Amino acid sequence: RLMRELAQRRYLQGGQPANGYALGSRLLELSYAARPTNLFNSLVQEMEWLRDVTEETVSLHVRSGEQRVCVCEIQSTQSVRRVVPVGLIVPLHFGATGMVLLAGASAPFVQGYIRRLNLDATAEQRMHEQIRLIRERGWAIAEDAWIAGLAGLAAPVREGDTVVASLVVSGPTFRWNCERMRRSVDDLLAAARRGSARLSGRPAERNPAMPDALASAI
């Protein structure tokens, strides 16, 4: 009974074997909130700026094994908007968000992950090509990928040379469509680049929404 209650509160999640449990997303959420790292401090300002320039929801996701977990969200102020709950867990190959994290993983991990999906040869080749393209251009885009009516534009956040998070702008496809997303690629990449630089302790370009004095203090 206690374990079922902990699972309802996301401290545990059902696992294998039957009636087994694993650590839940709430613990990951708490661990990130308590981490002695600059992940949130480096990205929140950029997330708020992205929300303002795109008018859509901005979220931050990290990889946990073969899944992605939302660890921060700045909601759109639009009356109809995408909501990404903190703690949301989704497989890596669902949408642009997870594909950015998958593309940033090691080659052996990617090979094993795709093999375990049991795709046919054509679908497997298509996924490898998608990962290659994401690595090449540095961003991913998806429309109606796993939830009809939703679209996302994602870019990697790096600490040094390691991809540590996926920065995502998402919204309803009637407004946030491929044409609109492609016009916002430069803004997303600039925000991810500035956040990555601060996270890695490197000088970063100035955020146009941030006063010089504040930028130098972060």
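Helices (H or I, at least four residues) and strands (E, at least two) are DSSP runs, numbered from the N terminus. The model shown is predicted, so that local features need pLDDT of at least 70 and side-chain atom pairs count only at pLDDT 80 or more, while totals for chains, interfaces and linings use all residues. Residues are numbered from 1 along each chain as its sequence is written, and side-chain values use heavy atoms, with hydrogens and water left out.

**View 1. Ser184 sits in the loop between α7 (178–183) and α8 (185–199).** Ser184 counts as buried because its relative accessibility is 4%, where buried means under 20% relative accessible area, exposed means over 50%, and partly exposed lies in between (1.4 Å probe, protein chains only). The side chain of Ser184 makes a polar contact of 2.7 Å with the side chain of Arg180. A polar contact is a pair of N or O atoms within 3.5 Å; within protein, one must be able to donate a hydrogen and the other to accept it, and residues adjacent in sequence count only if both atoms are side-chain atoms. When neighbours within four places in sequence are left aside, Ser184 is in contact (heavy atoms within 4.5 Å) with Thr54, Leu153 and Trp176.

**View 2. His61 belongs to strand β3 (residues 57–64).** With a relative accessible area of 1%, His61 is buried, and a polar contact of 2.8 Å joins its side chain to that of Ser59. Not counting residues up to four places away in sequence, His61 touches several residues, among them Arg68, Cys70, Thr97, Leu101 and Val164.

**View 3. Helix α5 (residues 107–116) has the buried residues Phe109, Val110, Gly112, Tyr113 and Ile114.** The cover over the buried residues of α5 includes β3, β5 (89–91), α4 (95–103) and α6 (121–137). After α5 comes Asn118, whose phi is positive, near 55 degrees.

**View 4. Arg116 and Glu66 form a salt bridge, with their closest N and O atoms 2.4 Å apart.** This pair links distant parts of the chain, since Arg116 is in helix α5 and Glu66 is in the loop between β3 and β4 (67–74), 50 residues apart. A salt bridge here is a side-chain nitrogen of Lys or Arg within 4 Å of a carboxyl oxygen of Asp or Glu. Arg116 is partly exposed, with a relative accessible area of 48%, and Glu66 also counts as partly exposed, at 31% relative accessibility.

**View 5. In helix α6, Arg132 and Glu136 form a salt bridge, the closest N and O atoms being 2.7 Å apart.** These two residues lie four residues apart, about one turn of the helix. Arg132 also meets Glu129 in a salt bridge (2.5 Å, N to O), and because Glu129 and Arg132 are three residues apart in helix α6, about one helical turn separates them. An α-helix has 3.6 residues a turn, so residues three or four places apart point the same way. Glu129 is partly exposed at 40% relative accessibility, Arg132 is partly exposed with a relative accessible area of 37%, and Glu136 counts as exposed at 58%.

**View 6. The salt bridges of Glu46, Arg194 and Arg198 are linked in a network.** A search of the whole structure finds eight salt bridges.
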